[in-house]
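Welcome to a short tour. Open your viewer, get ready to select residues, and follow along stop by stop.

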Amino acid sequence: MTVATTTRTSETPFPPGFLWGGATAANQIEGAYDQGGKGLSIQDVMPKGGMAPRTDAPTPDNLKLDAIDFYHRYAEDIALFAEMGFSVFRFSIAWSRIFPRGDEAEPNEEGLAFYDRLLDECERHGITPLVTISHYETPLHLAETHDGWVSREMIGHFERYCRVLFERYGQRVKLWLTFNEINSVLHLPFLSGGITTPKEELSPSALYQAAHHELVASALATRIAHELIPDAKVGCMVIAMPTYPLTPDPQDVLAVMHADHANLMFGDVHTRGSYPGYALRSFREHGIELDITDEDREILRNTVDFVSFSYYMSICETADPAKRVTGQGNIMGGVPNPTLEASEWGWQIDPVGLRIVLNQFWDRWQKPLFIVENGLGARDELVEVDGVLTVLDDYRIAYLNDHLVQVGEAIADGVELWGYTTWGPIDLVSASTAQLSKRYGFIYVDRDDDGSGTLQRYRKQSFAWYAEVIRTNGASLQR
Ligand code: BGP
């Protein structure tokens with residue numbers, strides 16, 4: 001006999017049909033780096049992750065080469081997502097599975113067939129796919145021969161790749177993201193833009209030219225998606241980083257405005273279809289000369305249907321150079337906030353910042369929003385409870401609960417939000433440090449930083465917790 005639930009879903013601020021799920025990236029889960037005709041991507045030569053220098057060839061201590069073997073275990077993993085009640089699964093397509101070098105005329109059929117099978121599994125479980133076209137996975141050949149997105153030729157290679165994806169999967173994939181965290185190219189040019197020139201040697205003009213090429217490519221992809229898949233929705237994806245003044249000094253507030261401009265320019269171009277005045281002034285005053293053609297300007301007018309973002313932390317800014325100690329670990333730098341605690345990796349935890357940034361983005365862009373990454377990277381310990389191996393991750397539950405409560409507040413504020421996918425619903429390899437011990441999942445994967453482990457999957461305590469959040473559409477959250 002089933003006992004009727006006492007939870008009243010009418011008490012939730014989350015609208016009916018809100019999409020709940022998790023997010024991953026090919027290079028952090030698939031493994032099989034040299035199978036199925038796949039070429040090398042920049043990730044295959046980054047054994048220590050995005051914050052460290054690359055190597056010249058794949059090294060055995062690069063956990064991403066095998067990752068968590070999703071390439072072979074996707075059916076089992078998607079079944080576990082379905083067990084939690086996912087209505088959406090965000091994953092990326094590895095560009096180098098489809099075009100192994102990036103510059104071929106014809107795609108690799110074996111790579112395309114893999115994602116057909118993956119989509120079959122999503123369909124079987126009624127899970128809506130949300131596909132990232134480029135998630136820190138530039139084919140290595142393009143990085144090495146073109147200096148990544150510094151070259152205008154990348155737009156053509158990307159266009160060819162997008163057309164293949166839209167033609168092949170357009171019947172079943174209606175939600176697309178162009179570039180993961182596109183604003184990170186200013187901070188991590190190799191990881192984000194496949195730019196092999198070391199950052200210190202890269203001129204600001206070259207760096208912003210690369211960003212411009214990505215923006216044009218993103219708008220072009222949006223236009224083509226709309227042409228080929230009339231009911232598709234295309235979003236940009238940015239790092240959301242609410243930035244607070246370190247003090248009430250107006251100079252600190254101005255420093256925040258400048259930091260915001262540098263970040264928000266990417267969303268501004270994607271949603272408004274042209275560069276904002278503050279960006280043009282900054283280019284002028286910093287001697288940044290960009291090659292922006294009339295055709296580019298025309299293409300940029302193809303604005304996105306929605307804005308998606310990752311949210312992990314907020315930061316502070318100050319105009320006082322003596323106080324500019326940068327925070328550790330995160331991609332964007334910034335000054336640590338003295339009022340906040342940090343994760344073991346130095347990422348400051350700020351649930352209220354999520355409500356703030358949701359409101360900021362909605363007020364600024366008036367486009368539907370989608371939180372496509374949020375979560376806590378933590379060390380987990382596998383323990384036996386009633387004869388079952390699990391992880392008692394109450395810290396992860398607390399983190400996600402507190403963030404989701406703030407999401408509910410933002411929805412009550414009037415923000416239009418389509419969905420929420422946690423980062424790493426299953427443990428995966430970290431983008432910044434290439435560790436597996438920085439775990440995000442509801443599902444524990446038995447693999448350690450030294451590469452040992454059975455790869456077996458175990459449900460953590462948070463697994464049942466998230467299933468309940470989804471089942472009640474957020475009504476079970478502790479406010
Ligand atoms: C974002 C990336 C993801 C993911 C996440 C967590 O910047 O889009 O790929 O990895 O951060 O970061 P990390 O893996 O470094 O803990």
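Start by colouring the protein by pLDDT, the predictor's confidence in each residue, from 0 to 100. The average is 95, and 96% of the residues score at least 70. Now select residues 1–9: here the pLDDT is below 50, and beyond near neighbours in sequence the stretch has 10 contacts in the model (contact means heavy atoms within 4.5 Å).

A note before moving on: this is a predicted model, in which local features need pLDDT of at least 70 and side-chain atom pairs count only at pLDDT 80 or more, while totals for chains, interfaces and linings use all residues. Residues are numbered from 1 along each chain as its sequence is written, and side-chain values use heavy atoms, leaving out hydrogens and water.

Show the side chain of Lys438: one of its N or O atoms is 2.7 Å from an oxygen atom of the ligand.

Last stop: Ser430, in the loop between β12 (417–423) and β13 (443–445); strands here are DSSP runs (E, at least two residues), numbered from the N terminus. Is Ser430 buried or exposed? Its relative accessible area is 3%, so Ser430 counts as buried (under 20%, with a 1.4 Å probe and protein chains only). Leaving aside neighbours within four places in sequence, Ser430 contacts Gln28, Lys64, Gln435 and Lys438.

How values were computed: A polar contact is a pair of N or O atoms within 3.5 Å; within protein, one must be able to donate a hydrogen and the other to accept it, and residues adjacent in sequence count only if both atoms are side-chain atoms. Helices (H or I, at least four residues) and strands (E, at least two) are DSSP runs, numbered from the N terminus. Buried means under 20% relative accessible area, exposed over 50%, partly exposed in between (1.4 Å probe, protein chains only).
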